[in-house]
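Hello,

I am handing this structure over to you. Please have a look, then read on for what was found in it.

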Amino acid sequence: MEDSEPILAANEIGKRFGGLVALQDYSLALRPGDLVGLIGPNGAGKTTAFNVMTGVLAPTSGRLAVRGTDMTGRPPHRFAESGVARTFQNVRLFADLSVLENVMAGLHMRHGSGMVATLLALPGFRRSEREIAEKARGIVEMLGLGHLADERAMDLSYGDQRRVEIARAMATEPRALLLDEPAAGMNASETEDLLRLVARINGDLGIAVLVVEHDMSLVMRLCRRVQVLDRGRFLAEGTPQDIQADADVVAAYLGTRRGGGARA
């Protein structure tokens, strides 16, 4: 896989907010089949890196590319169209829509009919909607949500809402899936279900996955490669075993690096 072209490549990305350096010289090559974790203490720059790599924030310096095409400064929908899907820290479903309808919303990006056909409800629009509903039901079934397909998103448990958000991201037919703290707010049982789901998406479907998480134990169990940020700077990269044994990483998490005590 090392010789294959990265689906998503970040090259020495930096981001400043006024005089604050939130991220400095961050690089990533996310290749087909990769399952990578990005961890770090609070304030490490994980969310900034994630938002830059999905077009939510424009980098101050550096370059972003998707499958070799320069995407630096492009808006989020261009990243989605190029095959990079994401979820959010806070669930952002259409609360009044059903699970199936939420997933259908993701499919419209690639399979929706034209504006005129939609406005006039022409036969092409109706045919397109039937095809989208069929595809959406297949995704819902694949992710173990079939029994909830007709339930409103607002009526689901938090863990099921998280899974629906992943299903909607999958509906955009991504080559790379970026998950922003997917286990936040989940109980132990829901977290185990999430681990199995992400592993299946990566292993069975071959979709590259980047997981940004506070939960180091989750990342160590799930990911084959781990990156660590601390105070906006790249700190370490390696296998889970390498990272767990890295003295700088341990110091960063315990707050014993030079100039700091325990950190929140």
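Which residues are buried in α7? They are Glu 190, Thr 191, Leu 194, Leu 195, Leu 197, Val 198, Ile 201 and Asn 202. Bear in mind that this is a predicted model.

Helix α7 covers residues 188-205, 18 residues in total. From first C-alpha to last, α7 reaches 25 Å. That is close to the 26 Å expected at 1.5 Å a residue.

At the start of α7, Asn 187 brings a side-chain oxygen to within 3.1 Å of the backbone nitrogen of Ser 189. Just after α7 comes Gly 206, with a positive phi of about 70°.

Now the whole chain. Its secondary structure comes to ten helices and ten strands. The chain has 264 residues, and 48% of them are buried. Take the contacts with a separation of 6 or more: 68% of these join residues 24 or more positions apart. The accessible surface is about 12400 Å². Carbon and sulfur atoms account for 50% of that surface.

Pro 75 lies between β5 (69-70) and α2 (76-81). Pro 75 and Val 52 are 23 residues apart in sequence. In space, their C-alpha atoms are 9.9 Å apart.

Best wishes

Methods: Residues are numbered from 1 along each chain as its sequence is written. This is a predicted model: local features need pLDDT of at least 70, side-chain atom pairs count only at pLDDT 80 or more; totals for chains, interfaces and linings use all residues. Side-chain values use heavy atoms; hydrogens and water are left out. Helices (H or I, at least four residues) and strands (E, at least two) are DSSP runs, numbered from the N terminus. The expected span of a helix is 1.5 Å times one less than its number of residues. Buried means under 20% relative accessible area, exposed over 50%, partly exposed in between (1.4 Å probe, protein chains only). A polar contact is a pair of N or O atoms within 3.5 Å; within protein, one must be able to donate a hydrogen and the other to accept it, and residues adjacent in sequence count only if both atoms are side-chain atoms. Contact means heavy atoms within 4.5 Å. Accessible areas come from the Shrake-Rupley method with a 1.4 Å probe; for residues, only the protein chains shown count as cover.
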